[in-house]
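Here is a short briefing on one protein model.

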Amino acid sequence: MNVWPLKFRETSDGSILFCDDAGGFFKADHGFLDRYAADELAASDVAFLKEGGHGFDRELDVHWTSFAYRWARRQSKPHEMNYVILVPTLRCNLTCGYCQVSRAPENALGFDWSHETLEGVLSFLDGLQSPDIKIEFQGGEPLLRIDLLEAVRNFCREKFARPQFVVCTNLQTLDARAWAFLDAEDTFISTSLDGDRMTHERQRTHDHKVTETFFRNLEIAVSCYPEGKISALPTVDVANPPDLEGLLDNYERYGMRSVYLRPINHQGFARKLDQGSNVLARWNRLHSQFIDVLIARNHRTGRFMEEYYFSQCLKRVLRLDQDNHVDIRNPNFFASDYVVIDHDGHFYPTDEARMLSRIGRIDLSIGDVTTGIDRAKVNLLDSGAFNHFDPDCIHCAYQPFCGTDVIDDVSRYGRVDLPRPDTWFCGRHLSVFDKVFEVLYRKDEPARASVAAWLGVNTWGDRMAPVHS
């Protein structure tokens, strides 16, 4: 039998995790590793590998074809453009210390779409072929230009069969017109909730009255709208993190069971923040601790909450075609199914790319609404948008589940050719996937119950996490 190449990583319990290029995985001991490396597999090894889909007898037999099918299904492929992030204004009515978009003051001039830019945006949307569209309004504070939001939504409702809209708002200043806009069934709210009131005020509002306004508006929204219409995420400062139990309590209080724990992004004004040394290691410990707190809390209360990104990585390990989050797409084609249009009408491949361009570090724009998308620049970015041939990634057990982030590399290091283990992206994802497999192989009921809930299955047991002994 021919064995597909296996990559391996030692786990915290001393065993070895093995993965093949199609995402098949199992645990074994050091004895198996020695036999595999020396090409001295025992009959029991061969039988286990064949049953698990890790080998084949001849090209094009059923085991070979099954492996090829699973590998192909793990590769992200280009789709029709159906997700557009719009920044109608860069002005904002808050001054968050960790602002990653380098917002402009509320009364500043020259940071809103012009009439010509609006027309260009609508012309671009008119050229899209998908029957579905998701429009995400960002800023700044997009509700400062409710007129532009209304113009885009009215157009999309006429153009697309199934439009959906998300307003990323700080919920600070909402008049009757803004509430009326948010009332629509096809329109959703995304906001920031940085844990308890004290943490939220320290990081975002800086004023007791402003903080009270936010929580009052959030409570109104939660009381008026159905569950699922409102989402939020916390930005966590590793130098001064919130109480994790208190953060979860506050999210559940407002009817939100999914928490996307986000570190301070190395973009915009946030680049100036001093979070101390070993930020990545401290973040990884905090995130791992949060998952443990979450599992224990879910078991204790019987009300299951998730950490969104951890759940995405968990599903990425166990399911094919699970590449909704761009960080774990591979390849991660730019300007394929989504694009960003900034306040000046320029296209960007990602939100982080427009943030990086805003501070003048590098121009990552890929055209504008007048001239269209510059495919030559997109192709250049795409040349680094996969991990298949990276000299470090090809040896990593987590390669089938992971992606790349050339924009983050440029932001942090000014280059994209650093050894992968030296990058924030790699360090963060090694830790996340270490935690994913730790939780998958845990045998206690709290962990198994949370895994089942996060995957949407009835139970989780030993047979679903293979071990070769």
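The model is predicted. The protein chain has 16 helices and 20 strands.

**Overall shape**
- The C-alpha atoms fill a box of roughly 75 × 50 × 45 Å along the principal axes.
- A compact globule of 469 residues would have a radius of gyration near 23 Å, and the protein chain agrees with 24 Å.
- Of the 469 residues, 55% count as buried.
- Take the contacts between residues at least 6 apart in sequence: 69% of them join residues at least 24 apart.

**Helices H5 and H6**
- H5 spans residues 146-159 and H6 spans residues 176-183.
- Their axes come within 11 Å and cross at roughly 25 degrees.
- Angles under 35 degrees count as roughly parallel, so H5 is roughly parallel to H6.
- The crossing of H5 and H6 is left-handed.
- H5 makes the contact with Ile146, Asp147, Leu149, Glu150 and Arg153, while H6 uses Arg177, Ala178 and Phe181.
- By class, this contact of H5 with H6 has 4 nonpolar and 4 charged residues, and no polar ones.

**Helices H10 and H16**
- H10 covers residues 279-301, and H16 covers residues 445-455.
- Their axes come within 9 Å and cross at roughly 95 degrees.
- H10 and H16 are therefore roughly perpendicular to each other.
- On the H10 side, the contact involves Ile291, Leu294, Ile295, Asn298 and His299.
- These meet Glu445, Pro446, Ala447, Ser450 and Trp454 of H16.
- The contact of H10 with H16 divides into 6 nonpolar, 3 polar and 1 charged.

Terms used
Residues are numbered from 1 along each chain as its sequence is written. This is a predicted model: local features need pLDDT of at least 70, side-chain atom pairs count only at pLDDT 80 or more; totals for chains, interfaces and linings use all residues. Side-chain values use heavy atoms; hydrogens and water are left out. Axes are lines fitted to C-alpha atoms, for helices over the stretch in contact, and angles run from 0 to 180 degrees between N-to-C directions. Helices (H or I, at least four residues) and strands (E, at least two) are DSSP runs, numbered from the N terminus. Angles under 35 degrees count as roughly parallel, over 145 as roughly antiparallel, 65 to 115 as roughly perpendicular and the rest as oblique. A crossing is left-handed if the near helix is turned anticlockwise from the far one by less than a right angle, and right-handed if clockwise. Contact means heavy atoms within 4.5 Å. Ala, Val, Leu, Ile, Met, Phe, Trp, Tyr, Cys and Pro count as nonpolar, Asp, Glu, Lys and Arg as charged, and the others, Gly among them, as polar. The radius of gyration is taken over C-alpha atoms; the globule rule is 2.2 Å times the number of residues to the power 0.38. Buried means under 20% relative accessible area, exposed over 50%, partly exposed in between (1.4 Å probe, protein chains only).
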